[in-house]
Amino acid sequence: MTTTKSATVQYRSQFGLIGLVLLVGLLSACGSDSSNGPILIKFPHVTAPGTPKGLAADRFKMLVEERMPGIVTVEVYPSGQLMNDDDSIDALAFGEVQMIAVSLSKLDRLTKKYQVFDLPFLFVDLAAAERFQSGPAREELLGAVLKSGIRGVGFWHNGMKQFGGPVPITSPEAAEGLKFRIMESDVLQAQILQMGGNPQKMAFGEVYQALQTGAVDAQENTWANTYSSKFYEVQPYLTESNHGYLGYLLAVNEPFWQSLPEDVRQQLQVIIDEVSAWGNDQAKEVNAGALANIIESGRSEIARLNDGERKVWADTMLPVWDTFSDSIGEDLLNAALAAGQQ
Ligand code: LMR
């Protein structure tokens with residue numbers, strides 16, 4: 001890759017992400033050459049090493065370096081130490097890093113297809129999301145951002161999202177007037193507006209401080225993220241709402257991927273599939289462990305939704321589904337519904 005950062009930025013502002021990706025593809029057409037040392041996969045992500053994503057990323061590194069010594073090296077940068085998610089999407093598209101696992105919600109600016117993952121109360125649990133991801137829609141979903149130079153190679157779960165705030169958020173009315181941190185997704189924005197709250201899109205690394213200083217009052221995230229990023233220390237109430245799915249597209253830079261020798265690419269995909277199954281199998285337990293740790297800390301009170309409250313929530317959120325059903329597409333939405341509500 002010979003493109004300099006400043007040239008990249010200049011071109012980016014003139015022609016946008018897709019034009020730049022084409023340019024970068026041309027410049028990197030010379031391909032990966034392992035004769036000068038191992039092929040390097042830089043893999044930045046924003047969560048802590050003990051989260052579902054952190055564990056899977058470290059296992060990917062371990063297996064690649066064990067099975068392909070001297071051929072491929074993986075550098076994992078956890079906890080946002082290299083860059084935030086938004087920057088990592090651009091960095092992946094430009095080939096500055098080779099692999100990322102960003103929340104599907106944050107790819108909203110590149111495809112409307114992943115909006116289906118953010119529809120509140122659609123997927124009842126991780127198994128439901130997995131049925132959808134591994135069903136007939138899989139290839140369409142993995143290829144949804146290919147035009148931006150980003151190839152999906154797998155789906156990783158984090159967990160189901162829970163609400164946190166200054167009050168128990170057991171009904172939509174309880175959220176009225178609260179400022180909520182959300183991921184960069186228009187569906188999540190509509191969800192909070194539908195609750196009467198005030199949504200603020202914000203990078204993950206800024207959330208703890210925003211809660212601590214009162215820049216935002218409330219947020220939604222998984223138990224694993226709430227525990228490992230210590231949001232429970234600055235949230236008097238957490239509500240076990242399981243109202244939405246938080247999962248990742250495991251993605252590679254497409255010109256990099258195509259430049260790999262065929263056998264290397266195949267071996268990497270085998271490891272990716274193995275690690276995805278391993279990580280997804282234990283995501284539920286990692287979240288349960290995080291919840292147990294939060295309860296043990298005694299720092300936040302945990303509220304739970306009963307069936308009646310859950311029904312009120314789901315009914316209140318239906319207009320959000322209506323707003324996004326056209327942009328998601330009928331076939332995809334029906335496939336998600338068939339898998340999601342079983
Ligand atoms: C968030 O921003 O809340 C999540 O996407 C963080 C993550 O990667 O799980």
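The side chain of Gln115 makes a polar contact with the side chain of Asp108, at 3.0 Å. A polar contact is a pair of N or O atoms within 3.5 Å; within protein, one must be able to donate a hydrogen and the other to accept it, and residues adjacent in sequence count only if both atoms are side-chain atoms. This is a predicted model, in which local features need pLDDT of at least 70 and side-chain atom pairs count only at pLDDT 80 or more, while totals for chains, interfaces and linings use all residues. Residues are numbered from 1 along each chain as its sequence is written, and side-chain values use heavy atoms, with hydrogens and water left out.

**The chain as a whole**

- The chain has 13 helices and nine strands. Helices (H or I, at least four residues) and strands (E, at least two) are DSSP runs, numbered from the N terminus.
- Of the 342 residues, 53% count as buried. Buried means under 20% relative accessible area, exposed over 50%, and partly exposed in between (1.4 Å probe, protein chains only).
- Contact means heavy atoms within 4.5 Å. Among the contacts in the chain with a separation of 6 or more, 74% come from residues 24 or more positions apart.

- Our opening residue, Gln115, sits in helix 4 (residues 115–118).
- Is Gln115 buried or exposed? Gln115 is buried, because its relative accessible area is 4%.
- Leaving aside neighbours within four places in sequence, Gln115 is in contact with Asp108, Val187, Phe324, Ser327 and Ile328.

- Phe121 has a phi near 65°, a positive value in a residue other than glycine. With a relative accessible area of 9%, Phe121 is buried.
- Leu122 has a relative accessible area of 0%, so Leu122 is buried too.
- Which residues does Leu122 touch, not counting those up to four places away in sequence? They are Val116, Trp321, Leu333, Ala336, Leu337, Gly340 and Gln341.
- Leu122 and Ala314 are 192 residues apart in sequence, yet their C-alpha atoms are 8.7 Å apart in space.

- Ser148 is found in the loop between helix 6 (138–142) and strand 4 (150–165).
- Ser148 counts as buried because its relative accessibility is 1%.
- The C-alpha atoms of Ser148 and Phe94 are separated by 9.3 Å, and the two residues are 54 residues apart along the chain.
- Asn242 belongs to strand 8 (residues 237–253). Although Asn242 is not a glycine, its phi is positive, about 45°.
- At 24% relative accessibility, Asn242 counts as partly exposed.

**Helix 7 from start to end**

- At the start of helix 7, a side-chain oxygen of Ser185 reaches to within 3.2 Å of the backbone nitrogen of Val187.
- Within helix 7 (residues 186–194), Val187, Leu188, Ala190, Gln191 and Ile192 are buried.
- After helix 7 comes Gly196, with a positive phi near 85°.

**How helices pack**

- Two packed helices are described by the angle between their axes and the distance between the axes. Here, axes are lines fitted to C-alpha atoms, for helices over the stretch in contact, and angles run from 0 to 180 degrees between N-to-C directions.
- The axes of helix 2 (residues 52–67) and helix 11 (residues 262–297) come within 9 Å and cross at roughly 150°. That makes helix 2 roughly antiparallel to helix 11. Angles under 35 degrees count as roughly parallel, over 145 as roughly antiparallel, 65 to 115 as roughly perpendicular and the rest as oblique.
- Residues including Leu55, Phe60 and Leu63 in helix 2 meet residues including Ile271, Val275 and Trp278 in helix 11. By class, this contact has 13 nonpolar, three polar and three charged residues. Ala, Val, Leu, Ile, Met, Phe, Trp, Tyr, Cys and Pro count as nonpolar, Asp, Glu, Lys and Arg as charged, and the others, Gly among them, as polar.
- The axes of helix 12 (residues 307–328) and helix 13 (residues 330–340) come within 7 Å and cross at roughly 120°. Helix 12 and helix 13 are therefore oblique to each other.
- Trp321, Ser325 and Ile328 in helix 12 meet Glu330, Leu332, Leu333 and Leu337 in helix 13. The residues of this contact divide into five nonpolar, one polar and one charged.
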